[in-house]
2 protein chains.
Amino acid sequence: MGRRTEVFKRAIGGEIVKVLLSHGGGGRETSELLNRLIFSRLPIDLKRTEGGIGIDRPDDGAALKMEEGYVIISIDSYTVKPLFFPGGDIGKLAACGSINDVLMMGGRPIGIVDAVVVEEGLDMSILEKVMSSFLKVVNDENVPLIGGDLKVMPKGDVDSIIVTTACLGITKTPIVDDGIKIGDKIIVSGTIGDHGATIMALQRGIDVKETGLKSDVKALTDLMEPLLKEYGKYIHAARDPTRGGIAMALNDWSKVSGSVIVIYEEKLPIREEVKAYSDMLGVDVLQLANEGLALLAVDSAVADDVVEFMHSLGYEKANVIGEVREGRLKGFVLLKTSIGGFRIVEAPIGSIVPRIC
Amino acid sequence: MGRRTEVFKRAIGGEIVKVLLSHGGGGRETSELLNRLIFSRLPIDLKRTEGGIGIDRPDDGAALKMEEGYVIISIDSYTVKPLFFPGGDIGKLAACGSINDVLMMGGRPIGIVDAVVVEEGLDMSILEKVMSSFLKVVNDENVPLIGGDLKVMPKGDVDSIIVTTACLGITKTPIVDDGIKIGDKIIVSGTIGDHGATIMALQRGIDVKETGLKSDVKALTDLMEPLLKEYGKYIHAARDPTRGGIAMALNDWSKVSGSVIVIYEEKLPIREEVKAYSDMLGVDVLQLANEGLALLAVDSAVADDVVEFMHSLGYEKANVIGEVREGRLKGFVLLKTSIGGFRIVEAPIGSIVPRIC
């Protein structure tokens, strides 16, 4: 009898239920747990500040209404394993992840804070490498590190390093995902699933160098700042599709807009190696985490211009992958396959892999 | 040969040095490590936003200069063990800790975000209790929870729960600790060392109920909001003296102001049980963590009025415990003992106890 079965049986018997890996997978179980423990237990006034955006509306971060414009804040704990992977490490990931969340809210990142928890006995050189990667992003993106915390836990109480970052940004007009409209085109800025496939392969002991897999982790400032300036008012929704992949983000969007989102298999930019690897393991690329990808819903009148502009910024794999439609299947996401059929794209259930980001 | 000796020898031999518990103790080793890994490696422009307060000035949090006033942000990871203790639990601690940091920067807390990392297999009832305590503070203090993250780590990768919180606040005039002046009086809002003594006793298996020890964890909104309103301009420095206790905070202050800070043993409000327990174990109460205590440097002209006002707000143990002086021992903190001598109060070295907050 597997552990999961056991837990399920105990739940039925009315005994104590345990926290499962899937509760942290970023999919349906996460939403349900957060709803039960937090969202359902707070009145609206304690879910957001007045005129702001909070946990009442699922998005990359929160926004506070100030006298002039908005302050954006995002927070995430990074627990990725292994700490170092092709394309980056936990330090780079933690800095880029929270910066990207602010960018996807339409904000200009202006400051970052970190809280690092380290295992006693960890090689100092590892901590140094991680912090160097973190500071490189701070430098490259010109986002000051304005505060932080460091804790050490006794050996055995935590595995290596956990980095939590919160990023602050400002904007006159936040991009809130419920701005999505029927007719909008869905755009991705690059290939999908790269980060998720890479970490999964590493965790399964596969020689990643052989496969050519590489995480896409990067800060999207060089994409989003010009894009917001040029086409800001046409971007109706923007998401940093990490855990749960674009499947999770698109399902959120179809629900919030009461629409059907249709995406086309043949339009999805997917690296050969990511496709091969996910086919082999039977995982859905749409559910794999991305760490340097923008997912946008854009006014159809400018969608092609936006893609062309993204190409000119060096995001040569950017593509329109689908659209937002009316239809009977409100709240669903459909994939039109290469052979012509439709399949429902589900929000992920269960944890595909722990410690993915 | 103890582990510490071994690590030291390896360091001398030029081999890899390990992260030690003391690096996370909040004392001198923490400062030195952060300086080496972070502070010394960033130019001033990447340590704070323009016109703001960042890691260039050690304080409870950071401040960003906005068009109108300042946005304050604080962040901390909470790793306390045990999760539940007389007076509170990790949920209450995480909410109060970051709120208090904002208050001590002179800010009005306006929103909080959390990032929770949970161990797979943890009893759901424990997570529920912790989140309930967290939400109770959100409710009681009327600080909306505007965003968050939840991760689950596989069994064995983390011990129970780590909660990271960042709190946002606003103020027209932040209280920055380098505002401290010669002649200022040092005030505490209540008894010292309660939290540290309680957690230490629990970790050493002592029956805390017998001792009467109890953590002081609480949000200081009911103290700081009226105090800032009434006496804001006379408060030259304010600190939430958690890890490292008031010894660490006062040492920071004496260094930043190039003054001598003298405190009087007989004026220190210390509970009998805290005194008895710390005498027994030979720990310095001044170095014990506090989680519901305000440490202030106040213009001497109003110091007695401030204390009286604090009494009227229910903080009946509030007291002037010392003062900021000129003198040859610049950068030092001195304790005038009950029998008349002076002893140097050092910033803590080594980790008194891990997972204290």
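Let's start where the two chains meet: 100% of the interface residues of chain A are also interface residues in chain B, so the copies meet through the same surface. Contact here means heavy atoms within 4.5 Å. This is a predicted model, in which local features need pLDDT of at least 70, side-chain atom pairs count only at pLDDT 80 or more, and totals for chains, interfaces and linings use all residues. Residues are numbered from 1 along each chain as its sequence is written, chains are lettered from A and ligands numbered from 1 in the order in which they are written, and side-chain values use heavy atoms, with hydrogens and water left out.

The contact draws 82 residues from chain A and 85 residues from chain B. Between the two chains about 7,200 Å² is buried, and carbon and sulfur atoms give 68% of that area. Buried area is the accessible area (1.4 Å probe) that two parts lose on being put together, summed over both. On the chain A side, Val19(A), Leu46(A) and Met124(A) lose the most area to chain B, together 9% of what that side buries.

How are the copies arranged? Chain A superposes on chain B by a rotation of 180° with 0.0 Å of shift along its axis, at an RMSD of 0.0 Å; the two copies are thus related as by a two-fold rotation axis. In chain A, the C-alpha nearest this axis belongs to Val158(A), 2.1 Å away from it. The superposition is by least squares on the C-alpha atoms of residues with pLDDT of at least 70 in both copies.

Helices (H or I, at least four residues) and strands (E, at least two) are DSSP runs, numbered from the N terminus, and two strands pair if DSSP finds at least two bridges between them. Four bridges connect β1(B) with the antiparallel strand β2 (residues 70–78) of chain B, and Ala63(B) stands opposite Ile72(B) in β2(B).

Back in chain A, helix α7 (residues 221–231) of chain A packs against helix α10 (residues 303–312) of chain A at about 145°, their axes 11 Å apart. Leu223(A), Pro226(A), Leu227(A), Glu230(A) and Tyr231(A) of α7(A) meet Asp305(A), Val306(A), Phe309(A) and Met310(A) of α10(A).

Finally, strand β10 (residues 260–264) of chain A runs parallel to strand β13 (residues 333–336) of chain A, joined by four bridges, with Ile263(A) opposite Leu335(A) in β13(A). β13(A) also pairs with strand β14 (residues 342–344) of chain A, in the antiparallel sense over three bridges. There, Leu334(A) stands opposite Ile344(A) in β14(A). The hairpin of β13(A) and β14(A) has five residues between the strands, and in it Gly340(A) takes a positive phi near 105°.

How values were computed: Axes fitted to C-alpha atoms, helices over the stretch in contact; angles between N-to-C directions.
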